[in-house]
Every structure is written in structure tokens, then in C-alpha cells.
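Dear colleague,

I am handing over the structure we spoke about, and below it you will find an account of what came out of it. Please read the two side by side.

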Amino acid sequence: MKNYEIMFILSTQLTDEEKQAKVKFVEETLAKSEAAEIKTEVWGERKLAYPIKKKENGYYVLTTFQIDGIKLAEVEARLNIEESILKYMIVKND
């Protein structure tokens with residue numbers, strides 16, 4: 001298993017409950033794909049460097065985890081269909 005981190009940006013138009021539900025959705029998606037040591041750090045609302053889907057601000061969340069690289073494709077497939085996630089990036093940590 002290798003160390004990864006995912007930074008994702010949620011729409012600021014979501015309520016606090018919806019934002020928490022989306023963070024939990026990402027954590028559960030990772031857990032279903034047999035990820036380990038899932039740690040989430042909420043950075044909160046920040047201005048985007050450039051508009052994404054006509055939005056100027058986003059709600060940033062950073063999650064670190066361990067997973068086999070083969071299972072990562074399952075995670076990305078689930079995140080791609082989630083409309084409230086404006087953007088995400090998964091990076092391998094050495």
C-alpha cells in the first residue's frame with residue numbers, strides 16, 4: 001500500500017450539512033476501496049485561483065490515506081460522477 005492525498009473542492013453553495021455529507025462520502029468511498037489510515041483536514045472556504053464552473057470560491061478539503069494503486073481507479077470513477085465536487089487531485093506521497 002502506498003501513501004496518497006486527495007485535495008478536493010466543494011461548491012460553496014452547499015449547506016454546512018451537505019458539505020459534511022460530501023466529506024463523509026469521500027471518506028466512505030475510500031473505505032469501500034479498502035483504503036487505510038484515512039485522515040481528513042478541512043481547510044474551509046477560499047478564493048479559487050481561477051473560476052471553476054462559473055464559481056469564484058470553493059470549500060477545500062485535504063484527505064490523506066493509504067491504498068493499492070489498482071484500487072485508485074475505483075475511487076476516481078466514483079468521484080467523477082459527483083457533481084458537487086468542483087475539482088479534485090490525487091497525489092502520491094513518497
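Glu34 is exposed, with a relative accessible area of 54%, where exposed stands for over 50%, buried for under 20% and partly exposed for what lies in between (1.4 Å probe, protein chains only). Before going further, please note that this is a predicted model, in which local features need pLDDT of at least 70 and side-chain atom pairs count only at pLDDT 80 or more, while totals for chains, interfaces and linings use all residues. Residues are numbered from 1 along each chain as its sequence is written, and side-chain values use heavy atoms, with hydrogens and water left out.

The side chain of Glu34 meets that of Lys71 in a salt bridge, with 3.4 Å from N to O; the term is used for a side-chain nitrogen of Lys or Arg within 4 Å of a carboxyl oxygen of Asp or Glu. Because Glu34 lies in the loop between H1 and strand E2 (36-52) and Lys71 in the loop between E3 and H2, the pair ties together parts that are 37 residues apart in sequence. Lys71, at 22% relative accessibility, counts as partly exposed.

The structure holds 3 salt bridges. Glu82 counts as buried at 17% relative accessibility, whereas Lys22 counts as partly exposed at 22%. Another salt bridge is formed by the side chains of Lys47 and Glu56, at 3.6 Å from N to O; here Lys47 is exposed at 60% relative accessibility, and Glu56 is partly exposed at 43%.

As to the overall fold, the protein chain has 2 helices and 4 strands, which follow the pattern β-α-β-β-α-β along the sequence; helices (H or I, at least four residues) and strands (E, at least two) are DSSP runs, numbered from the N terminus. For 94 residues a compact globule would have a radius of gyration near 12 Å, and the 13 Å of the protein chain agrees with this; the radius is taken over C-alpha atoms, and the globule rule is 2.2 Å times the number of residues to the power 0.38. The C-alpha atoms fill a box of roughly 35 × 25 × 20 Å along the principal axes, and 37% of the 94 residues count as buried. Among contacts (heavy atoms within 4.5 Å) between residues at least 6 apart in sequence, 72% join residues at least 24 apart.

The largest nonpolar core has 18 residues, and those with the most contacts inside it are Phe8, Leu10, Phe65 and Ile67; such a core is a set of buried Ala, Val, Leu, Ile, Met, Phe, Trp, Tyr and Cys residues joined through side-chain atoms within 4.5 Å. At least two residues of this core come from each of strand E1 (2-11), helix H1 (16-32), strand E3 (55-67), helix H2 (72-80) and strand E4 (85-93). Apart from this core lies another, of 7 residues, among them Ile9, Leu48, Tyr60 and Leu86.

Leaving aside neighbours within four places in sequence, the contacts of Phe65 include Tyr4, Ile6, Leu30, Ile38, Leu72 and Ile90. The structure holds 1 aromatic pair: the ring centres of Tyr4 and Phe65 are 6.0 Å apart and the planes stand at 20°, so the pair is stacked. Rings of Phe, Tyr and Trp (its six-membered ring) pair if their centres lie within 6.5 Å, and planes under 30 degrees apart count as stacked, over 60 as edge-to-face and the rest as tilted. Tyr4 belongs to strand E1 and Phe65 to strand E3, 61 residues apart, and both residues are buried.

Gln66 also has its place in strand E3, and its side chain makes a polar contact with the side chain of Asn3 at 2.8 Å. A polar contact is a pair of N or O atoms within 3.5 Å; within protein, one must be able to donate a hydrogen and the other to accept it, and residues adjacent in sequence count only if both atoms are side-chain atoms.

Finally, two backbone values deserve a look. Most residues other than glycine have a negative phi. Lys53, in the loop between E2 and E3, has a positive phi near 55°, and Lys54, in the loop between E2 and E3, has a positive phi near 65°. Lys53 is exposed at 52% relative accessibility, and Lys54 is exposed at 83%.

With best regards
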